[in-house]
Amino acid sequence: MTVAVGTGAVSFTELVAVAREDAVVELTPEARGAIRAGREIVDALAQDTRPHYGVSTGFGALALRHIPPQRRTDLQRSLIRSHAASSGAEIEREVVRAMMLLRLSTLATGRTGVREQTALAYAGMLTAGITPIIGEYGSLGCSGDLAPLAHCALALMGEGDVRDRSGARTAAAEALAAAGIEPIVLAEKEGLALINGTDGMLGMLVLAIHDLERLLKVADIAAAISVEALLGTDRVFAADLQELRGQPGQIASAANLRALLAGSPLVESHRGPEDPRVQDAYSLRCAPAVAGAARDTLAHATLVANRELGAAIDNPVITADGRLESNGNFHGAPVGYALDFLAIAVADLASISERRSDRFLDAGRSHGLPPFLAHDPGVDSGLMIAQYTQAGIVAELKRLAAPASVDSIPSSAMQEDHVSMGWAAGRKLRRAIDGLERVLAIELMTGVRGLDLRAPLAPAPAGAAVRDRLRAEIAGVGPDRELAPEIDAAVALVRSGAVVAAAESVTGPLS
């Protein structure tokens, strides 16, 4: 796939293709023209006797110092070298590539004043699979994701370390030479243009939204299987009951549950006046309320992300009428809030999933299933400790739900006295999504074992398809065996989309 970066917004699909699938990146003729036009403005300002921030002055708290023309290349190079100050564990390749694509998208608007050759070299790095090595710490989410983006710019200059397409660590100069890319000597304004953006946190937000769209379907699939295997009712998911509340996410989730439970002999087996239970526990009955609220949160985050994808964020920025103006558009608050909001939804989705799993393991609440779903209770522990794993993850997710964006530590000699911490919000959301995948995978393992133990009663066709897909990788009820490989296999099926594909092979597309 080739992603053509123009003057408009990069789409979610294009970002995922570049970040995860190594799509080729190129600039459209329109973008190249806009870049050239923007550079003409910067070149004219560079000759002006009046100071212009980022062109003929220092940066941040040093903005009052005028820099003579013969020192401006040194200025830009020093900016990048000094700002490439990250530390900690190496961040994921997909995050770096997403961040680079989004920075290139802003360069392509012509609002930053970079030269065409600089933007082309940046696109060439992406196409060649050259990924700068960046530590986890360094961005405060204001003045842009400075340190992470500075490492990308440093590689463009032929300095620092990168990973090549194969993943091998190498010097940036060697990787550029192998790809036929000439290292860039930065001119006026280009250093700032390469580091002043919300691209790191935005890239993490878009990747998270992409993953959560899949995981919300998995949450409904797992809930439906749990309802069946715990002998719950589908009456509470009726469309007219959902319309009484009118929350769109809840309506969509309940519709999924109805489709997933359609034609279930298990549900029919206890329908009628002979069933003494008046209503199910909250973790079953309220599943659409929680998954629906998560959907509505995701819809808000998607709106924020789409607005940011269409933005041209730099400081200073070239306006439509050719002015070079300082601004505060690099502040990460809008993106940081959305990232933190999603972390709350992720934690709650995992929490209600774990509660459903726990019901399966308690013989007093599972309506006839053996303790811990064990083959020989007492000798075997069944899935007892799988729930411990869930509980440990859920506890971690609750801690990760504490917002990063309410924090701020002043920097740059108090010039940058309020920052967003949006990068930190993105980092913890990525960890939270990994946890949610694991919690849902364990609920699926638990629910499918519950379906097996309800035989000869059969589940709904959709539940049967999911059960069969898991059973192709994971053995059924039997004496205790090592659970870790089975959990990993279930996680892989969730992550790959195989669980959703199995359900949708029966139901058609889920909401």
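This tour moves through the structure stop by stop, naming what to select and what is found there.

**Before starting**

The model is predicted, so local features are given only at pLDDT of at least 70 and side-chain atom pairs only at pLDDT 80 or more, while totals for chains, interfaces and linings use all residues. Residues are numbered from 1 along each chain as its sequence is written, and side-chain values use heavy atoms, with hydrogens and water left out.

**Stop 1: the whole chain**

Display the whole chain. The C-alpha atoms fill a box of roughly 90 × 50 × 40 Å, taken along the principal axes. The chain has 20 helices and nine strands; these are DSSP runs (helices H or I, at least four residues; strands E, at least two), numbered from the N terminus. Of its 511 residues, 56% count as buried. Buried means under 20% relative accessible area, exposed over 50%, and partly exposed in between, with a 1.4 Å probe and protein chains only. Among contacts with a separation of 6 or more, 79% are between residues 24 or more positions apart; contact means heavy atoms within 4.5 Å.

**Stop 2: the nonpolar cores**

Select Leu 104, Leu 205, Ile 221, Leu 444 and Val 466. These are the residues with the most contacts inside the largest nonpolar core, which has 155 residues. A nonpolar core is a set of buried Ala, Val, Leu, Ile, Met, Phe, Trp, Tyr and Cys residues joined through side-chain atoms within 4.5 Å. Next, colour residues 199-229: this is helix H9, which gives the most to this core, with 20 residues.

Which residues surround Leu 104, leaving aside its neighbours within four places in sequence? Leu 104 is in contact with Val 5, Val 25, Leu 27, Ala 119, Tyr 122, Ala 123 and Leu 126. Another core, of six residues, lies apart from the largest one and includes Val 42, Leu 45, Ala 46 and Val 55.

**Stop 3: a sheet of three strands**

Select strands S4, S6 and S7. They form an open sheet in the order S4-S6-S7, with antiparallel pairing. Strand S4 (131-132) and strand S7 (169-171) stand at the edges with a single partner strand each, so one side of each has no neighbour in the sheet. Two strands pair if DSSP finds at least two bridges between them. Strand S6 (residues 161-163) is joined to S7 by three bridges, and Arg 163 has Arg 169 as its bridge partner in S7.

Zoom in on Thr 170, which lies in strand S7. Is Thr 170 buried or exposed? Thr 170 counts as buried, at 16% relative accessibility. The side chains of Thr 170 and Glu 174 make a polar contact at 3.1 Å. A polar contact is a pair of N or O atoms within 3.5 Å; within protein, one must be able to donate a hydrogen and the other to accept it, and residues adjacent in sequence count only if both atoms are side-chain atoms.

**Stop 4: Arg 20**

Select Arg 20 in helix H1 (residues 12-21). At 30% relative accessibility, Arg 20 is partly exposed. Not counting residues up to four places away in sequence, Arg 20 touches Glu 94, Leu 207, His 210 and Asp 211. The side chains of Arg 20 and Asp 211 are joined by a polar contact of 2.9 Å.

**Stop 5: backbone features in loops**

Most residues other than glycine have a negative phi, and most peptide bonds are trans. The following places depart from this pattern.

- Ser 143 has a positive phi of about 60°. Ser 143 is in the loop between strand S5 (135-137) and helix H6 (146-156), and is buried at 9%.
- Leu 373 has a positive phi of about 55°. Leu 373 is in the loop between helix H15 (333-361) and H16, and is buried at 0%.
- The peptide bond from Asn 315 to Pro 316 is cis, with omega near -5°. Pro 316 is in the loop between helix H14 (287-309) and strand S8 (317-318).
- Ala 455 and Pro 456 are joined by a cis peptide bond, with omega about 15°. Pro 456 is in the loop between helix H17 (422-453) and helix H18 (461-471).
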